[in-house]
Amino acid sequence: MAVLQKKSMSFSLMGPLAASCLLLIALWAHEAVGLPITSHCKLDVSNFQRPYFTNRTFKLAEEASLADNNTDVRLIGDELFQGVNRQNRCYLMKQVLNFTLAEVLIPHSDRFQPYMQQVVPFLTKLSNQLSLCQIRGDGQHIQKNIQTLKETVKQLGESGEIKAIGELNLLFMHLRNYCV
Amino acid sequence: MCEFLQFPLLSSLHTERNIGCQTGTLATMMQKLYLLGFLTSFLISATDTQPTHGSLKPPKVQFQSRNFHNILRWQPGSALTGNGSVYFVQYKMYGQREWKNKTDCWGTTELFCDLTNETLDLYEPYYGRVMTAWAGSYSAWSRTPRFTPWWETKLDPPFVTTIQVNTSLLVLLRAPELPYRNQTGKNTSMENYYDLVYRVFITDNSLGKEQTAYEGTQRTVQIEGLTARSGYCVVAEIYQPMLGRKSPRSEQRCVQIP
């Protein structure tokens, strides 16, 4: 909000001040401490309009969910979003996506074929598109929620990883919901 | 052989495990083998059931979903030859701890149960499960795979109405009705959940050739420049671009241009 005010001031011929503001903004951007200007937390809608990848992702989730007999525990659900405002939810999903790719999908890339080999590059692409996506404001809550998810997966061990694969459809839908 | 009996599955059965481990004749060895076989088969049949009537358990418990009307269906257990069995249905959202009883289907004799109102959130994953009671015995629960209505429901064809004005034809399209939602009470349409595309095909009866007359999101389509004294038939379908799926085709509407 403060930056917006400064920006509007720059229009009122306050040259030097505007320049210093820009410098400040650039510095902030560089240090990636809360970026209120452009958040980069955006995915193009076309990513979700390709039936091939949508179907593959859902199929992979379906296959894995058949191997998940723990119906009580859910990774991507209300608890994950608790206390996280809407503008930070894309960032939250980015963190879940990156965790899922690195800690779950890549280590299990030989399983659930042929879906896995088609879905991993697709999700990797989404992850790359979100590489500049940063948190807005205080991210304590978000980190805590993500930590809980990670710990749940770790605690459940192998079946936690299967569970994460079984929730790829939820990951997909929430990326679409919060990042497009 | 005695070590073999230490197999983890059997470790809870202390009494049986202690039988005859000291003896070593062939006959007792054979007896133990039979015992082991019996125990193993007993345990396999009992792994996910408390009562041991695995064959009572209703197989193929699954959701069938059309236009978001979500019906749980199952088959009678293989041990059930005649009538007299009743079924009990529970459901929950994935991630919830408690299963909820479906009171309308609690002790039903049918082989289906309408869970539309219990599975109204189209993006959420759900489970259903069924248990049988027959001749005083209860089966174990038999659970569905995880079910997400948005992904699994099959859309019916659109309703098509035609209005003929001189040499043009007005085609009115309507997506299938969604189940009534008493939670939101709002008038949502199928288009809110998928970016639906309507496809309209027209056949010139004298040529017998079908053409695509329209593909898009509008619900009203005007087809102009039809030839006088010719017959035309119109048919439509719904396409879901996100999923690359299409509905079956609608009924044909035929007109004669004067």
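User: Into which domains is chain B divided, and what residue range does domain 2 cover?

Analyst: Good place to start, and keep in mind that this is a predicted model. Chain B has two parts to look for, with domain 1 running over 53-151. The other part, domain 2, covers 155-256.

User: How many Å apart are the C-alpha centres of domain 1 of chain B and domain 2 of chain B?

Analyst: The two domains do touch: 12 residues of domain 1 of chain B are in contact with 16 residues of domain 2 of chain B. Their C-alpha centres, taken over each domain of chain B, are separated by 35 Å.

User: What area is buried between domain 1 of chain B and domain 2 of chain B?

Analyst: The size of an interface is often given as the accessible area lost when the parts come together. For these two domains of chain B, carbon and sulfur atoms give 55% of the buried area. The area itself is about 1300 Å².

User: Which three residues supply 49% of the area that domain 1 of chain B buries against domain 2 of chain B?

Analyst: No other three residues of domain 1 of chain B supply more of that area. The trio is Asn67(B), Leu120(B) and Trp150(B).

User: Which residue forms a salt bridge with Asp156(B)?

Analyst: Between domain 1 of chain B and domain 2 of chain B the count is 1 salt bridge. In the pair that includes Asp156(B), the closest N and O atoms are 2.9 Å apart. The partner of Asp156(B) is Arg66(B).

User: Which helix gives the most residues to the side of domain 1 of chain B that touches domain 2 of chain B?

Analyst: That side of domain 1 of chain B divides into 7 nonpolar, 4 polar and 1 charged residues. The element giving the most to it spans residues 149-152 and contributes 3 residues. Its name is helix H3 of chain B.

User: Now for the other chain: how many residues of chain A are in contact with chain B?

Analyst: On the chain B side, 23 residues take part in the contact. Between the two chains, about 1900 Å² is buried, with 50% of it from carbon and sulfur atoms. In chain B, Tyr94(B), Trp151(B) and Met242(B) lose the most area to chain A. The number of contacting residues in chain A is 26.

User: How many salt bridges are counted between chain B and chain A?

Analyst: Here is one you can find in the structure: Arg146(B) forms a salt bridge with Asp68(A), with closest N and O atoms 2.9 Å apart. The two chains also have 14 residue pairs in polar contact. The salt-bridge count between chain B and chain A is 3.

User: Is Lys92(B) buried or exposed?

Analyst: Let's locate Lys92(B) in strand S3 of chain B. A residue counts as buried when its relative accessible area is under 20%. Because the relative accessible area of Lys92(B) is 1%, Lys92(B) is buried.

User: Which residue's side chain is joined to that of Lys92(B) by a polar contact of 2.6 Å?

Analyst: Lys92(B) touches residues of both chains, among them Thr71(A), Trp99(B) and Tyr126(B). Within chain B, a polar atom of the Lys92(B) side chain lies 2.8 Å from the backbone oxygen of Gln96(B). The side-chain contact of 2.6 Å reaches across to Asp72(A).

Note on methods: Residues are numbered from 1 along each chain as its sequence is written. Chains are lettered from A and ligands numbered from 1 in the order in which they are written. This is a predicted model: local features need pLDDT of at least 70, side-chain atom pairs count only at pLDDT 80 or more; totals for chains, interfaces and linings use all residues. Side-chain values use heavy atoms; hydrogens and water are left out. Domain bounds come from an automatic or database domain assignment. Contact means heavy atoms within 4.5 Å. Buried area is the accessible area (1.4 Å probe) that two parts lose on being put together, summed over both. A salt bridge is a side-chain nitrogen of Lys or Arg within 4 Å of a carboxyl oxygen of Asp or Glu. Helices (H or I, at least four residues) and strands (E, at least two) are DSSP runs, numbered from the N terminus. Ala, Val, Leu, Ile, Met, Phe, Trp, Tyr, Cys and Pro count as nonpolar, Asp, Glu, Lys and Arg as charged, and the others, Gly among them, as polar. A polar contact is a pair of N or O atoms within 3.5 Å; within protein, one must be able to donate a hydrogen and the other to accept it, and residues adjacent in sequence count only if both atoms are side-chain atoms. Buried means under 20% relative accessible area, exposed over 50%, partly exposed in between (1.4 Å probe, protein chains only). Lists of a residue's contacts leave out its neighbours within four places in sequence.
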